[in-house]
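Visitor: Hello! I am new to protein structures and would like to learn how to read one, feature by feature. Could you walk me through this example?

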Amino acid sequence: MSNDKQQLINATQAWVEKVVVKYNICPFARQEVERGSIRYRVVESSDVASVLTSLIEECFYLTANEDTETTIMILANGFESFDYFLDLTDLANELLYEQDIEGIYQLAHFHPDYCFAGEPADDPANYTNRSPYPALHIIREATMEKALKNHPDPDQIPQRNIQFSRKKGREFFIKLLESCHKNER
């Protein structure tokens, strides 16, 4: 693996550990980090069709490798524009449906400029979905359903994250993401 790819993976792993797990943004992530069951794959192509092919390949990989719970596909090139990335995300979700694997896998998506619809770009709540690089997270639907069933109040997760991020503030998250880029794990 090239150093560049490894740097993207290191920054993304640092983000998962230092943001998602440490601050409980996703209460289900800690277990998978501790199990070492998260696969990180860098996709270097900026071509939408190639990225979508990689997405389906990763779904096949997960199907064949049950010990790998989830994949985070890190998009190295061409998706710096959040709007363009959202277009890709829409196409990716359509592809899961067309391939008849929606319901087996679902996608979460993260981006350095993530902004929830209708919210100002500087709202700290956006940082719950801001990552060092654009990324598609492939999640096993059955595992998510089980995790949600076992969580005491899954409907409160997003609200808790919004309150937490607004309490911590934008500058807190900017520094946190910068530390992930420095691979300070």
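Visitor: Let me begin with a strand. Which residues point one way from β4, and which the other way?

Guide: Good place to begin, and please keep in mind that this is a predicted model. In β4, Ala135, His137 and Ile139 point one way. Leu136, Ile138 and Arg140 point the other way.

Visitor: Are those residues of β4 buried or exposed?

Guide: All of them are buried, on both sides of the strand. Buried here means a relative accessible area under 20%. Counted over the strand, 6 of the 6 residues of β4 are buried, and β4 spans 135–140.

Visitor: How do strands hold on to each other in a sheet?

Guide: The general idea is that strands of a sheet pair through backbone hydrogen bonds, either parallel or antiparallel. Here, an open sheet has 4 strands in the order β1-β2-β4-β3, and its pairing is mixed.

Visitor: Which strands stand at the edges?

Guide: Those are β1 and β3 (105–110). Each has a single partner strand, so one side of each is left without a neighbour in the sheet. From one strand to the next, the twist averages 20°.

Visitor: Which way does each pair run, and how many bridges join it?

Guide: Let us go along the sheet. Strands β1 (residues 38–43) and β2 (residues 70–75) run parallel and are joined by 6 bridges. One example is Val42, whose bridge partner in β2 is Ile74. Next, β2 and β4 pair in the antiparallel sense over 5 bridges, and Thr70 stands opposite Ile139 in β4. Finally, β3 and β4 are also antiparallel, with 6 bridges; there, Ala108 has His137 of β4 as its bridge partner.

Visitor: How much of β1 is covered?

Guide: Strand β1 is mostly covered, with 5 of its 6 residues buried.

Visitor: How does the chain get from β1 to β2?

Guide: The chain crosses through helix α3 (residues 48–64) on its way from β1 to β2. This is a β-α-β crossover, and it is right-handed.

Visitor: Where do helices lie against the sheet?

Guide: Helix α3 lies across β1, β2, β3 and β4, and runs at about 160° to β2. Helix α4 (residues 82–98) packs on the sheet too, touching β2, β3 and β4. The direction of α4 makes about 175° with that of β3.

Visitor: What is the angle between α6 and α7?

Guide: Helices α6 (residues 157–168) and α7 (residues 170–181) pack at about 90°, with their axes 5 Å apart. Angles of 65 to 115 degrees count as roughly perpendicular, and α6 and α7 are therefore roughly perpendicular to each other.

Visitor: Which residues make that contact between α6 and α7?

Guide: From α6 come Phe164, Ser165 and Lys168, and from α7 come Arg170, Phe172 and Phe173. These residues divide into 3 nonpolar, 1 polar and 2 charged.

Visitor: What should I look for in the backbone angle phi?

Guide: As a rule, most residues other than glycine have a negative phi. In this model, Asn24 has a positive phi of about 55° although it is not a glycine. Asn24 is found in the loop between α1 (3–21) and α2 (29–35). Asp100 also has a positive phi, near 60°, and lies in the loop between α4 and β3.

Visitor: How exposed are Asn24 and Asp100?

Guide: Asn24 counts as partly exposed at 36% relative accessibility, while Asp100 counts as exposed at 63%.

Technical notes:
Residues numbered from 1 in each chain as written. Predicted model: local features only at pLDDT ≥ 70, side-chain atom pairs only at ≥ 80, totals over all residues. Heavy atoms only, no water. Helix = DSSP H or I, 4+ residues; strand = E, 2+ residues; numbered from the N terminus. Axes fitted to C-alpha atoms, helices over the stretch in contact; angles between N-to-C directions. Parallel < 35°, antiparallel > 145°, perpendicular 65-115°, else oblique. Contact = heavy atoms within 4.5 Å. Nonpolar A, V, L, I, M, F, W, Y, C, P; charged D, E, K, R; others polar. Buried < 20%, exposed > 50% of the residue type's maximum accessible area, 1.4 Å probe, protein only. Pairing = 2+ DSSP bridges. Right-handed = clockwise from strand over helix to strand, strands pointing away.
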